[in-house]
Amino acid sequence: MSFSYEFPHRHLLGIEGLNRLDIECLLDRAQALTTTKDLEQSLAGKTLINLFFENSTRTQASFEISAKRLGAHVVNMSVQSSSIKKGETLVDTAMTLNAMYPDLLVIRHGSSGAVRLLSRKVDCGVVNAGDGTHEHPTQALLDALTIRRHKGRLEGLKIAICGDILHSRVARSNAMLLHLMGAEVRLVAPPTLMPSGCDTWGAHSTHTDMIEGISGCDVVMMLRLQLERMHGTYLPSKREFFQLYGLDERKLAHAAPDALIMHPGPMNRGVEIDSALTESTNSVITEQVSMGVFVRMAVLETLSNVIERQRSGVKS
């Protein structure tokens with residue numbers, strides 16, 4: 001950014017509520033961190049707690065690595081052996097954690113809105129690492145950073161988000177962020193996996209035909225089939241899903257020749273995406289993982305700075 005901008009939020013609960021300057025602030029800081037050889041220990045003396053009610057080795061590890069690179073102490077709470085299993089309420093857990101005076105709290109929960117509830121009960125900064133089918137803001141930010149590094153911009157790009165839109169918090173966060181940054185967002189899914197109301201996310205169009213949806217797109221972002229959230233019959237079979245909606249060479253040929261292939265992971269090869277495409281020159285799937293560390297470093301550092309300003313009485 002060409003001028004100094006102070007991020008005003010002490011929590012990152014979602015993309016909803018952020019403006020374009022907020023997003024640029026985080027992306028620019030993350031980009032700067034990718035080229036910083038001697039990292040400043042900006043979180044030295046700070047304590048971060050990872051509180052994951054849903055298992056996610058990848059996301060938890062990414063936050064842990066990010067915090068440790070900046071000098072923070074990291075505590076990973078095992079919910080499987082915690083007091084939650086003994087009947088303690090979510091609010092009680094929040095109050096107990098707050099009494100330990102953490103500086104940052106990263107939360108992943110299976111219920112939409114749970115992270116926002118917890119954020120109201122603690123004094124530290126809170127980062128949403130995924131709540132139900134609601135939002136996953138750091139995933140959207142790392143996806144945006146990856147795209148911007150390859151395409152040089154977000155504005156004006158045609159980006160298709162394909163697959164299990166219904167159960168995806170990644171789809172919602174990405175659609176909102178990319179729309180806010182001026183991209184044309186298309187949602188592509190079978191009718192049974194296209195939620196009602198997704199037009200409010202900022203998507204330019206919705207498609208139930210895969211080839212129509214990705215035609216001419218600069219980015220094709222595939223989503224995992226979240227079978228663990230499907231209570232009922234949404235698909236005839238995985239094989240039929242791949243034939244109609246899985247990304248393969250034949251379908252990809254309808255996108256732009258230099259279209260980026262993305263997937264937030266973990267991937268079901270041969271279900272959402274042909275295995276060969278994951279290792280093609282167009283694939284940036286591994287880079288998404290790398291950018292996740294830099295984005296989460298930027299988020300943790302930025303929120304810590306906001307809290308310090310607020311504690312010192314400086315208007316944020």
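A crossing of two helices is called right-handed if the near helix is turned clockwise from the far one by less than a right angle. With that in hand, here are some close-ups of a predicted model.

**View 1. Helix H2 passes helix H10 in a right-handed crossing.** Here we're looking at H2, residues 57-69, against H10, residues 285-311. Their axes come within 8 Å and cross at roughly 55°, so H2 counts as oblique to H10.

**View 2. Side by side: the residues where H2 meets H10.** On the H2 side, look for Arg 58, Thr 59, Ser 62, Phe 63, Ile 65, Ser 66, Ala 67 and Arg 69. H10 answers with Val 289, Gly 292, Val 293, Phe 294, Arg 296, Met 297 and Leu 300. Sorted by class, this H2 and H10 contact has 8 nonpolar, 4 polar and 3 charged residues.

**View 3. Helix H5 packs with helix H6 at an angle of about 50°.** H5 covers residues 137-151 and H6 covers residues 169-180, and the two axes sit 8 Å apart. That angle makes H5 oblique to H6. As for handedness, H5 passes H6 in a right-handed crossing.

**View 4. Zooming in on the contact between H5 and H6.** H5 brings Pro 137, Gln 139, Ala 140, Leu 141, Asp 143, Ala 144 and Ile 147. From H6 come Val 170, Ser 173, Asn 174, Leu 177 and Leu 178. The tally for this contact of H5 with H6 is 8 nonpolar, 3 polar and 1 charged.

Key: Residues numbered from 1 in each chain as written. Predicted model: local features only at pLDDT ≥ 70, side-chain atom pairs only at ≥ 80, totals over all residues. Heavy atoms only, no water. Axes fitted to C-alpha atoms, helices over the stretch in contact; angles between N-to-C directions. Helix = DSSP H or I, 4+ residues; strand = E, 2+ residues; numbered from the N terminus. Parallel < 35°, antiparallel > 145°, perpendicular 65-115°, else oblique. Contact = heavy atoms within 4.5 Å. Nonpolar A, V, L, I, M, F, W, Y, C, P; charged D, E, K, R; others polar.
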